Amino acid sequence: MKFLQSLQHAYSSFTGLNIMITDQDDHRLTEPSGRLEIVNLLLGYQQRSTEDSILMILDKVKAIQNPTVYETATGFKLLVAPVKIKKNTVCYILAGVLVDASNIGLIQNMVHQHLPSSEWGAWERSLEEVPGYTRERVEILLERLEELAEFTGVLLEQGRANDKHAHRVQLLNLAHLMDSGDPNWLQGILGIFARVMELEFAGFACNITKEEQFTVLETIGLEGEATLQGASFFVGEGFLGQVGLSRQMGYWERSDRDPRVSFFNQRGIEPRVLICYPIKYQEHFFGLLFGGDSSISGLSEELADMGALLVNHLAASFYSLENEAADERRKMRMKAFEQMAQGVLKVKSVDGFFQMIMDTMQMTLQTSFACMVLINEADEKKTFCASSYPSRADASAYTANVESVYFKEGSTGFGVLHKPVSRMWEGLELLEFPLMIGTKLRGVFGVCMNGQVEYKEEYMPLLNSVNPIVATKLMLGEQERSSAAGAVMLLHQAMQVWQPQAYHKSQKVKELAQDFLKIIGGAHPDVEHIGQAGLLSDYDPEILASWLGDIPVVGLLKDTRRIESGEGYSDGTGISSYSLTAKALFMVLSYFEHGKKEGGLAWPASLEDPIKQAFEDFLASRKEAGTQREPANRERLTPREEEILRLVVQGFNNSEISEKLFISSHTVKNHITKIYEKLGVNSRAQAISKMYRTI
């Protein structure tokens, strides 16, 4: 508006007229320009005169198409020019005033009749200042006003466009602020889309349930019998189906003359303009956002770009929601696995445990049918079923079918591949898994996949975990030790399903930890425990404690975490009080985590030097020895030499060995010299390597 005001001032100065711009309701768009005192007097007088009021004048000239001269009842003349935007009059330019010399006497008489004498002098002076204009001059002034009206229309249209753009930007920002978790979120997005695009209706369609067919899930702007809710179309069918096929934006003008509009016509909708966007983010496709209008002939490129911006936001929101849902499903699967893993030890009843597995599977997968058939060595069948069907007759029928397909003499069963198979049974799409113990088929686990499990691939690790869980439960004995060992193996096997990389790494951790502990003189039970702890090193010790209780393996992993954090022993004596086994496992895990990174190994400052030196010598010996291990061929060491050698590989120096064994350093040096001679080596690293190769 500042530029318009300046433009009006320029024209006022150029023409010598007072000028202002106002709309039909006399809402002033600009302040009056010019210096004629008569204008101020007239504006004051028009408030007292109904006939000469601005509103009355505007009402009388509202039909004009071009600039004209309007003469008031008081004898003054105004120049009035309509301002148009797209052929519609939006406001008026009022300029003046003009007075015919022959009318000045009549105007003075009217002033004397209707106004107090105190105002006569001002009017008389102002009338003397009013310039006279010839008809030719008036015609020129009308041409100047027409120019001003055209410029004003352009400026107002640009201002409106800027205002609309700003409003659309505000709407797009509003879309970013909306909570995608709200049930009405998608309706709100459609409303913003329709307003931004200035369309009558909008809708969202997706193909979640059937890949080859889209269904309209949400619409806005359709009333009465005109509805698209629930309507379906095939990929490639009609305008929308073609966007679903190409996954590129589609835009159609005069769509009411195109046969492909039948999808809308059949439902009482006759759009002249249609636009449809694919909602996609990276490699993910979520559906179609579309809109249309029956009254406009086209959309601007700016509007199409605005729609694309909103679609990008919508795609990002869908992607975020999908990730959140996937994360929630992952948590559900982990919880289901935890329940089953805990049940291996906590649920004493074998039958109760297997029924719990089926109930857990049905709830987690949200399937209508999950059934497990087990056959023992005596050919006794047991069936465990979780079904949403009112009758359990399906379970017995399924058991009979499984027996005939997989266990009847001459049947191929699952063949040599031992992998899941898909097949139809009684109208149900089943995915069946073999339950193997060793190489023997002991049962079948089947789950219905009739479109009720939308993320089949995500659930495969959980489904595959049923076999090792069932096998472990069947094989576990009554002894606590066997149960704990079996649970460790079960959890390690589960890692192969959930985290294959961690599974393979844990096997290497076990091997290295056990070898190192043997070298530094660890007892056999400790070697067994460090191996089990290595297999479970990627699990949280607190979670393991809730599953397995405070068995040695769990305690060992807890101690390892405390050493890593620099936390002292529970009695306040510091890291040095942790067991040799815990320190050994900590160093092995640190090696796998940091050993190959720049800067090498970094140990807690409070971890004593002998154990650190022993591990570094051990690693050096492995590098020297490679993967080959030599048979023992050394001269037999004396018990004292064996004792000193064990301290050497643990990293103790001569002085520390003498203190531990209460002998002189000279005696230690002599023993070490003899040890080197018997082993045929020249250094501590070579001695450790020799010991490693002869394990």
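**Figure 1. The largest nonpolar core of this predicted model holds 84 residues.** Such a core is a set of buried Ala, Val, Leu, Ile, Met, Phe, Trp, Tyr and Cys residues joined through side-chain atoms within 4.5 Å; buried means under 20% relative accessible area, exposed over 50% and partly exposed in between, with a 1.4 Å probe and protein chains only. Ile357, Met361, Phe445, Leu463, Phe516 and Leu536 touch the most other members. Have a look at Leu463: leaving aside residues up to four places away in sequence, its contacts (heavy atoms within 4.5 Å) are Met361, Leu365, Leu431, Phe433, Phe445 and Val447. A second, separate core has 31 residues, including Ile192, Val196, Ile275 and Leu289.

**Figure 2. Helix 1 meets helix 6.** Helices (H or I, at least four residues) and strands (E, at least two) are DSSP runs, numbered from the N terminus. The axes of helix 1 (residues 2-15) and helix 6 (residues 135-177) come within 11 Å and cross at roughly 170°, so helix 1 is roughly antiparallel to helix 6. Axes here are lines fitted to C-alpha atoms, for helices over the stretch in contact, with angles from 0 to 180 degrees between N-to-C directions; over 145 degrees counts as roughly antiparallel. From helix 1, Phe3, Leu4, Leu7, Tyr11, Phe14 and Thr15 take part. Their partners in helix 6 include Arg137, Leu141, Arg144, Glu147 and Phe151. The residues of this contact divide into 10 nonpolar, 2 polar and 3 charged, where Ala, Val, Leu, Ile, Met, Phe, Trp, Tyr, Cys and Pro count as nonpolar, Asp, Glu, Lys and Arg as charged, and the others, Gly among them, as polar.

**Figure 3. Gln282 has a positive phi.** The angle is near 55°, in a residue other than glycine. You will find Gln282 in the loop between strand 9 (273-281) and strand 10 (284-293). Gln282 is exposed, with a relative accessible area of 58%.

**Figure 4. Gln366 also has a positive phi.** Its value is about 50°, although Gln366 is not a glycine. The loop that carries Gln366 runs between helix 11 (350-365) and strand 11 (369-375). At a relative accessible area of 56%, Gln366 is exposed.

**Notes to all views.** Residues are numbered from 1 along each chain as its sequence is written, and side-chain values use heavy atoms, leaving out hydrogens and water. Because the model is predicted, local features need pLDDT of at least 70 and side-chain atom pairs count only at pLDDT 80 or more, while totals for chains, interfaces and linings use all residues.

Methods
Angles under 35 degrees count as roughly parallel, over 145 as roughly antiparallel, 65 to 115 as roughly perpendicular and the rest as oblique.
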